[in-house]
Amino acid sequence: MSRENSSNGVLVGAIVGGAIGAISALLFAPKTGASLREDLASKFKTISEKTKDIAATVGQTTKELATSVGQNTKDLAANIKDEAGDLMDHAKKSNQNIMDSLSSTKDDVKDGLAATPGR
């Protein structure tokens, strides 16, 4: 499990545990019904706000990560394209050098055969 997933799990566990503890404390505390309902509503509102904040943070982090991955992919594709172009240029130059060498050797063989007596 990655460190980020583990941290998220601990955070969710803390929120759920806190909510259960708060509800248990309210239910077992000697209060009137109106007071208990008010306390429950307040705790649920707090938990709801924290949940929204966490969701917003996760959403923003996910968006930033997606943007970063997209940019890194574009950069990598550009680098690969440049490298492929360089390799093609090198292959063309090597091919031309080989062709020039073969042509020169062919001419040398022709000259050698022409200079051979009896031909």
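## Surface and burial

The protein chain exposes about 9,900 Å², and carbon and sulfur atoms supply 61% of that area. The structure described here is a predicted model. Of the 119 residues in the protein chain, buried residues make up 5%.

## Fold and overall dimensions

The protein chain contains two helices and zero strands. Its radius of gyration is 38 Å, whereas the globule rule gives 14 Å for 119 residues; the value for the chain is well over that figure, so the chain is more spread out than a compact globule.

The C-alpha trace of the protein chain spans about 130 × 20 × 10 Å along its principal axes. Helix α1 covers residues 3-28, and helix α2 covers residues 33-115.

The relative accessibility of I20 is 52%. Residues over 50% are classed as exposed, and I20 therefore counts as exposed.

The protein chain carries 15 positive and 15 negative charges.

A patch of negative charge on the surface is formed where D82, E83, D86 and D89 gather. Among them, D86 lies in helix α2. With a relative accessibility of 47%, D86 counts as partly exposed, because that class holds the values between under 20%, which is buried, and over 50%, which is exposed.

## Summary

In this predicted model, the protein chain has two helices and zero strands and is more spread out than a compact globule.

Technical notes
Residues are numbered from 1 along each chain as its sequence is written. This is a predicted model: local features need pLDDT of at least 70, side-chain atom pairs count only at pLDDT 80 or more; totals for chains, interfaces and linings use all residues. Side-chain values use heavy atoms; hydrogens and water are left out. Helices (H or I, at least four residues) and strands (E, at least two) are DSSP runs, numbered from the N terminus. The radius of gyration is taken over C-alpha atoms; the globule rule is 2.2 Å times the number of residues to the power 0.38. Buried means under 20% relative accessible area, exposed over 50%, partly exposed in between (1.4 Å probe, protein chains only). Accessible areas come from the Shrake-Rupley method with a 1.4 Å probe; for residues, only the protein chains shown count as cover. Lys and Arg count as positive and Asp and Glu as negative; His and the chain ends are not counted. The place of a charge is taken as NZ of Lys, CZ of Arg, CG of Asp or CD of Glu. Patches are made of residues with over 30% relative accessible area and no salt bridge: like charges are joined within 9 Å, nonpolar side chains (Val, Leu, Ile, Met, Phe, Trp, Tyr) within 5 Å. A salt bridge is a side-chain nitrogen of Lys or Arg within 4 Å of a carboxyl oxygen of Asp or Glu.
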